[in-house]
Amino acid sequence: MKKDKGPSLATQIDHDVKLKSRYRRWTFGLGGLIVLALVSVGILCLGYYKGIGTIDRFDPFLSYKVGYTKLPSEKEISPNNKATNGYWTAWFTDNTMGNEWTKLTLTTGLNPGVKDPYVMAYHKGSYVKVARIVPRTYINQTYVSNLAALDALLNNKGNTATNNHDLKKYKTQIHISDTVQQLVTE
């Protein structure tokens, strides 16, 4: 009788069971990594769209920008204000084209005596790394014009038919890509 030189049936079954176990571990490991990656991206997106600065701080897909806005009244930014503890929220224009806007919450302290004060914020999404009070003369006129157009839009100056639609967007969203000067007609 010829002897078969291949592995026995028991050895082959044992080998297949070990491979199946290995494939199962690899599948669960790979599946776990994919789920972890999807959850991480979901958290980063949620942080950006909800304006959560703590999440935006660690978001590798965001880059730092410099935004400008007009400094609010001293009553609003006062560190003695028990309701806000000196934190205030405003729309910042992030580029000279006036089509990138971010609503930031930050604290700057009181105006140290700067005439016509504006705030320059170095931010990543809703996370503000540094904020400085600067005079209007340090800021490009285009930024000032964009901020004046936003103020006109938010205070219902200009075309009210356009304003009613856009005011909802400016009250509810954190990041807007829209050219405000086109919306305001004087």
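Is lysine 18 buried or exposed? Lysine 18 is exposed, at a relative accessible area of 51%, where buried denotes under 20% relative accessible area, exposed over 50%, and partly exposed the range in between (1.4 Å probe, protein chains only). The model is predicted, with local features requiring pLDDT of at least 70 and side-chain atom pairs counted only at pLDDT 80 or more, while totals for chains, interfaces and linings use all residues. Residues are numbered from 1 along each chain as its sequence is written, and side-chain values use heavy atoms, with hydrogens and water left out.

Helices (H or I, at least four residues) and strands (E, at least two) are DSSP runs numbered from the N terminus. Aspartate 14 is partly exposed, at 40%.

A salt bridge also links lysine 65 to glutamate 100 (2.7 Å, N to O). Lysine 65 lies in strand 1 (residues 65-70) and glutamate 100 in the loop between strand 2 (88-93) and strand 3 (101-106), so the pair ties together parts 35 residues apart in sequence. Lysine 65 is partly exposed at 32% relative accessibility, as is glutamate 100 at 28%.

Lysine 70 and aspartate 116 likewise form a salt bridge, at 2.5 Å from N to O.

Terms used. Salt bridge = Lys/Arg side-chain N within 4 Å of Asp/Glu carboxyl O.
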